[in-house]
Protein chains: 2
Amino acid sequence: MSLKSKSYNEIPGGITAPEGFLCHAVSAGIKDPKNPRLDMGLIYSTAPCVTAGAFTTNKVKAAPVKVCQAHLKSNDIRAIIVNSGNANACTGPRGIQDAKAMATATADALGLKPTQVMVNSTGIIGLPMPIARITAQIPALAQGLARDRFDAIAQAIMTSDTRPKSLAIEVPLGSKTIRLAAIAKGAGMICPSMGTMLCFITTDAAIGLSDLKKCTSAAVESTFNRISIDGDTSTNDTVIVMANGQAGNRKIVSGGPQELIFSEALEYLMRRMARMIVRDGERVTKFVEIAVRGAATHMDARKVAETVANSLLVKCSWNGSDPNWGRVMHAIGYSRAKIREEHIDIYFDGLIATRNGISAGTPLEVLQAAVAKPEFTVTIDLNIGSATYTVYTSDLSQEYVDFNKAEYAVRIAP
Amino acid sequence: MSLKSKSYNEIPGGITAPEGFLCHAVSAGIKDPKNPRLDMGLIYSTAPCVTAGAFTTNKVKAAPVKVCQAHLKSNDIRAIIVNSGNANACTGPRGIQDAKAMATATADALGLKPTQVMVNSTGIIGLPMPIARITAQIPALAQGLARDRFDAIAQAIMTSDTRPKSLAIEVPLGSKTIRLAAIAKGAGMICPSMGTMLCFITTDAAIGLSDLKKCTSAAVESTFNRISIDGDTSTNDTVIVMANGQAGNRKIVSGGPQELIFSEALEYLMRRMARMIVRDGERVTKFVEIAVRGAATHMDARKVAETVANSLLVKCSWNGSDPNWGRVMHAIGYSRAKIREEHIDIYFDGLIATRNGISAGTPLEVLQAAVAKPEFTVTIDLNIGSATYTVYTSDLSQEYVDFNKAEYAVRIAP
């Protein structure tokens with residue numbers, strides 16, 4: 001997720017920057033009936049689309065995820081309906097019924113079939129949806145569709161996010177220019193993540209379904225999957241990419257140079273969104289890249305990176321700007337990866353802390369300055385092979401614990 | 001780890017309650033040279049022993065663990081030398097040399113061979129041992145050996161523990177009475193644990209080496225291994241059981257009723273120590289038993305129990321006395337165990353919170369009262385098989401984060 005590579009022209013217009021996409025957002029009083037905030041959004045393509053989706057691997061899947069997966073089969077999606085404040089997860093048969101009701105109401109308002117609508121929900125788990133309030137707002141959402149509501153929809157999907165996450169870029173492609181745009185919401189601690197991650201991407205590129213799916217899978221793997229540790233994904237995690245071909249480019253051909261350009265741009269966009277999500281993690285003060293190299297296998301490199309990223313005590317040390325390489329060694333040791341303790345080198349932002357498994361002698365104050373930065377890299381060289389893996393994570397703060405200790409009591413209790 | 005089963009007569013005398021064991025503790029200024037506290041201890045058996053040991057599975061093993069494992073081969077152990085304040089971990093060849101120096105100095109002072117001495121260290125990782133200060137104290141440790149220093153040695157092994165952990169029991173066996181005694185130190189968060197767990201057990205029972213090993217392995221598996229999640233053990237974790245036969249009982253025979261009596265008593269003792277360790281975990285306010293039942297396989301039951309016990313957000317909710325069954329469902333979903341969401345029931349201290357994967361409708365205030373207790377059980381019934389697994393864990397507090405955020409900065413920096 002280094003951003004040193006390609007950069008792109010950023011353009012205004014948010015999620016509606018690509019041609020042929022409209023959106024709108026309203027409040028249905030889901031987050032807080034007494035103090036209405038934007039909590040419902042609709043994205044609509046005026047033209048037919050191909051759509052790729054990536055969904056949570058959690059075996060407890062929210063009802064809207066199941067409905068999305070079913071609707072994606074015929075792949076004639078034209079709209080995304082989304083709410084925040086209630087995840088519609090652990091809600092049983094009623095949850096499925098409610099998710100379908102959202103799709104049906106949206107289809108009715110737009111003159112579509114229900115299977116042309118993707119449904120997304122994010123928020124508290126285990127509460128029934130206030131479905132009457134939700135469906136009542138859908139006609140207004142459809143009537144208000146426009147290109148200028150892009151700021152509102154980025155806000156409408158927020159839960160514990162402190163700021164909206166949105167980006168649109170343009171990319172020259174042959175004689176035309178294509179546009180790609182994204183909105184996302186994160187929240188929760190990123191790793192181990194229990195906060196839902198949603199990302200909706202629109203593009204006016206002309207591309208075939210199988211190529212869009214291929215590019216989406218590859219980009220998700222190297223971006224969002226690197227901030228969500230080891231299957232620890234929320235019940236609702238969803239990435240949806242809709243491509244409507246309105247840029248008028250010659251259709252992107254599999255294996256050609258244009259596919260590479262599109263693929264890189266898509267990955268760039270997801271990378272930027274993934275980074276925004278980690279930076280805005282609940283009460284996060286540090287953005288930390290963990291780069292493992294010299295591992296015997298790819299899986300070993302991944303185990304080490306994820307174990308270090310997940311260690312409570314390592315995360316606490318970062319919160320305190322403490323260059324505690326002993327805790328990093330410890331986590332490497334229980335990662336189940338093949339290691340040789342006496343070969344391990346550890347660097348904090350390029351400064352060696354550990355050489356051959358013991359202190360490298362770098363003065364503590366020098367290392368402290370490195371981990372005091374709001375962004376830094378921890379490089380772990382196992383020195384026994386050539387495999388690498390990188391993940392992106394954050395510190396753990398007292399404020400995180402405080403924020404997360406009474407969700408039900410505060411939000412369900414009267 | 002239910003304590004409803006057998007109970008035993010507790011007796012005074014701590015680790016020296018069994019016949020033929022002596023101990024002593026002194027300060028070597030390892031924890032804090034300016035403000036000396038007890039930080040070295042010695043346990044000695046006046047008679048030959050059989051000794052069983054269980055050690056960390058972390059691939060980064062502290063030097064004393066490696067030395068203990070080597071010394072245990074000839075199994076003629078007579079003494080345990082231990083220090084707190086420095087773990088002698090990630091210290092390379094010098095660490096091994098220092099651990100051997102501790103064994104040699106102890107052997108010299110007691111007229112033993114170095115291989116008759118077990119060496120243990122606990123404390124900060126990655127710093128060289130102040131070995132001259134340590135070995136200088138060993139003659140005084142040997143000279144002071146007595147039966148009445150048992151309180152001091154329980155204190156000498158403490159790191160971030162807030163109270164010493166010690167227990168001695170007596171058990172009728174045939175026409176005699178045997179005694180078993182333990183001291184332990186925990187600290188760190190228990191799961192995922194990065195604080196070293198040490199437990200030293202003495203008994204005057206007469207038992208053969210292979211039987212002692214068998215009883216020790218079984219007891220460790222059902223006690224200490226249930227509080228240390230999934231390989232996430234410290235670099236120094238060690239359990240040592242020394243049996244010197246001074247009770248004069250007829251030697252315990254494999255498979256006989258006396259072996260069962262001994263085995264149950266040993267497990268009881270370890271269970272009590274394990275419980276003390278969790279209760280005294282860093283800034284812990286809740287002791288939580290997670291009992292999984294109805295799993296398809298033992299491994300599935302274990303995955304669910306450990307994943308729930310390890311979830312940051314679940315731990316935060318307990319800290320806030322929040323009966324957040326949605327987070328428990330979520331963690332079950334990413335545990336990689338075979339589950340059927342619609343079959344899952346969850347109980348907080350016997351009160352049903354979730355039935356068939358959705359809210360059971362029990363009033364929130366009723367569930368809140370259950371998780372507000374300092375000790376409670378979370379029962380998860382997967383309802384798809386008959387396998388069970390239980391682990392013991394704690395909440396996660398803001399104070400834990402605060403306590404752990406600047407170890408190096410506070411303890412290494414001048």
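Is the crossing of α7(B) and α9(B) left-handed or right-handed? The crossing is right-handed. A crossing counts as right-handed if the near helix is turned clockwise from the far one by less than a right angle, and as left-handed if anticlockwise.

1. Ground rules. This is a predicted model, in which local features need pLDDT of at least 70, side-chain atom pairs count only at pLDDT 80 or more, and totals for chains, interfaces and linings use all residues. Residues are numbered from 1 along each chain as its sequence is written, while chains are lettered from A and ligands numbered from 1 in the order in which they are written.

2. The helix pair. In chain B, helix α7 (residues 298-310) packs against helix α9 (residues 325-333) at about 130 degrees, and their axes are 8 Å apart. Helices here are DSSP runs (H or I, at least four residues), strands likewise (E, at least two), numbered from the N terminus. Axes are lines fitted to C-alpha atoms, for helices over the stretch in contact; angles run from 0 to 180 degrees between N-to-C directions. The angle makes α7(B) oblique to α9(B). Under 35 degrees is roughly parallel, over 145 roughly antiparallel, 65 to 115 roughly perpendicular, and the rest oblique.

3. Who touches whom. From α7(B) come B:Val304, B:Thr307 and B:Val308; from α9(B) come B:Val328, B:Ala331 and B:Ile332. Contact means C-beta atoms, placed from the backbone, within 7 Å. By class, this contact has five nonpolar residues, one polar and no charged. Nonpolar covers Ala, Val, Leu, Ile, Met, Phe, Trp, Tyr, Cys and Pro; charged covers Asp, Glu, Lys and Arg; the others, Gly among them, are polar.

4. The core. The largest nonpolar core has 271 residues, and A:Leu269 and B:Leu269 have the most contacts inside it. Such a core is a set of buried Ala, Val, Leu, Ile, Met, Phe, Trp, Tyr and Cys residues joined through C-beta atoms within 7 Å. Helix α6 (residues 257-279) of chain B gives the most to this core, with 11 residues. Beyond its neighbours within four places in sequence, B:Leu269 is in contact with B:Leu167, B:Ile169, B:Leu180, B:Ala182 and B:Ile201.

5. Two asparagines to check. B:Asn75 is not a glycine, yet has a positive phi of about 45 degrees. B:Asn75 sits in the loop between α1 (63-71) and β5 (79-86) of chain B. B:Asn75 is partly exposed, with 17 other C-beta atoms within 10 Å (20 or more is buried, 12 or fewer exposed, in between partly exposed; C-beta atoms are placed from the backbone). B:Asn356 has a positive phi of about 55 degrees.

Technical notes. Contact = placed C-beta atoms within 7 Å.
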